Structure formats: C-alpha cells, structure tokens
Amino acid sequence: MRSIWNGAISFGLVSIPIKLVNATESRSVSFRQIHTEDGGRVRYKKVCELDGEEVSQAEIGKAYEDADGTMIPITDEDLAALPLPTAKTIEIVAFVPAGEIDPLQMDAAYYLSANGVPAAKPYTLLREALKRSDRVAVAKYALRGRERLGMLRVVDDVIAMHGLLWPDEIRAPEGVAPETPVTVREAELDLADALMATLGEVDISTLHDDYRTAVEELIAAKAAGGEGVAPPTPGEEAGGGRVIDLMAALESSVRAAKEARGEPAEVTELRPKKRTAAKKTTAKKTTAAAKTTAAKKTTAKKTTAAKKTTPKKTTPRKRTA
C-alpha cells in the first residue's frame, strides 16, 4: 500500500519512524456528468470572476474571505512559517480507556507502518504496551495543512490511527429528539427485546452493499444493449411516514426474524390483559369478608382483655367459736 505521509510517533522521548497508509477505500460506483442531448462529457473550468479568463492550477492560490467579502491572500510560505510541532510528528498526549472516545468524533482511519528496520523494536514496544494496558492513545498530528486529533489502537498486529474531530466540531443534538411526549409500554419494550434477541449477532464481514450490486447489474445490462432492470412493483417499496400499529409491527418483525432463522414462528402474546367485572366483584367481596373477619377478631380480643382485668369477688371466712 502506498504511504500518504511520512513522519514519526513521539512516545515520550522515544521516536518511532512510521509511514501513514489509508486503511479504507471507497467502493462506490462513480458517475460522470454528461450533456443529455448528445452524451458529451460536461467539464468544469476554473475561471477568474474579474477578467473571465480560464486559470491554470499553477496560477491558483488560496485566500481567506473576510466578513465584508475582502479576500486576504495566504501563501504556502505563510503557513509553513507557523509554529506547528506536529508537522512531521504524531505526538501522543495521553492514554485513555477506549470508552472515553465519543464515536461521533471518529473520522478517517489509517494504518501506521514501521518505517525501516530500526523502527521495528520501538513500534512493537508501543503496540504491546497498548495491548496490555487495554487503552488507546490520544495524539495530535498535522495532515493536509492543518493540525488534527487522532486515536491510536491495535488492530491485529498493526497500530491503527483514527482521525478524530475536535470536540468543538461536534454539534449538540438540539431539536433532534421528538418534541411530543411519548410513553412506551412495557409490552412494547418486551417485544422490542424479543426482536433484538431473535435478530441476534452478525458477522460484519458477511454484509455487503446491495445498492452497489444493483447499480453494477444495471450498468452491465445497459452496456449489453438492454433496458436495465425492471422498476419495483407497487407495494415493494417501504412506505415512510405511515401511521402503524407498533405492537403488530413488532410481532410481525419477531415472527419474520424467527422464520428467517428457521425457528418456530410463534410469538408469545405480550399485550396486557384486561380484568373482567366478575373478577373485580369477587375481589371486592373478598376484601369485605376480610374486613369483617378482622373486626370480629378485634372484638374478641377486647372482650378477653376486659375479662382479665375484672377483679374476682372473695367470700369472707366464718369465725369458729
């Protein structure tokens, strides 16, 4: 794999020469823009808005647009003169538990490769230290003209780095949650739990892009002189925004998931059962009877206590002559 950046990992006083390699690649099908009338390619030209002339890449610089529209030119020399200690260094600043990294911050992923034989030993040392500590390293580095935040972790026998967004680049989820108060019943939660348990786990490596496959089949069919693929028939598309019976949808989902896994499709009825009037009447009678019995017991106790406290009459003895 071709490296996109060469530098070093700064691990305290230890410097580890490394190469940065892209860990991911896009497999999306790319399209060109064409003129629909004759199929000709549509290309973009970079034109100066002042004189209307096309500008070559060598004549293009960069500038910052001020609030009033004024362009402030910034040259590569200006940026190179800025103090940037991470220009050629991935500087580790801390080691933290992986759970402290918000997944919202995750950005591009890279592999870090030891650059040269002398780098093998310190590279292996850092890798094994990360494994044993069960932590990830938080680092700062510079790439494509700006300083960035990164997270180093171990993947198999390689140190990988995930670019992280800075904390102030994460937007607060204001106004995203439902504004209308909603009550979720226990029965609905039970069915949701049952659906989660039925779906179970999945081997991520077995998942693939069905849409990309369909696009490739469409292109192949048209290239062979066909008309492409048939459009979906009414009813096949998932309808969005429909009001549904949530309990019925959950039960159907559990049933379908079980059938897909070859399990019995019966779904236990989890709807709360209503109490009948007869049961309520019986309960009331039972309660009344219990109260009457308790009252009788209390009266009996009072009577017994009263007898115990009443003094006994004594008969005077007769005197003998």
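R148 lies in strand 8 (residues 146–155); strands are DSSP runs of E with at least two residues, helices runs of H or I with at least four, both numbered from the N terminus. The model is predicted: local features need pLDDT of at least 70, side-chain atom pairs count only at pLDDT 80 or more, and totals for chains, interfaces and linings use all residues. Residues are numbered from 1 along each chain as its sequence is written, and side-chain values use heavy atoms, without hydrogens and water.

R148 is buried and has no salt bridge. Buried means under 20% relative accessible area, exposed over 50%, partly exposed in between (1.4 Å probe, protein chains only). A salt bridge needs a side-chain nitrogen of Lys or Arg within 4 Å of a carboxyl oxygen of Asp or Glu. For R148, the nearest side chain of opposite charge is D107, 5.1 Å away. The R148 side chain does reach a backbone oxygen, that of L143, at 2.9 Å. Leaving out residues up to four places away in sequence, R148 touches A139, K140, Y141, L143 and W166 (contact: heavy atoms within 4.5 Å).

Helix 3 spans residues 186–199 and holds L189. A197 is in helix 3 as well.

| Residue | Relative accessibility | Class |
|---|---|---|
| L189 | 38% | partly exposed |
| A197 | 59% | exposed |

A197 and A257 are 60 residues apart along the chain, with C-alpha atoms separated by 9.8 Å.

Technical notes: Lys and Arg count as positive and Asp and Glu as negative; His and the chain ends are not counted. A polar contact is a pair of N or O atoms within 3.5 Å; within protein, one must be able to donate a hydrogen and the other to accept it, and residues adjacent in sequence count only if both atoms are side-chain atoms.
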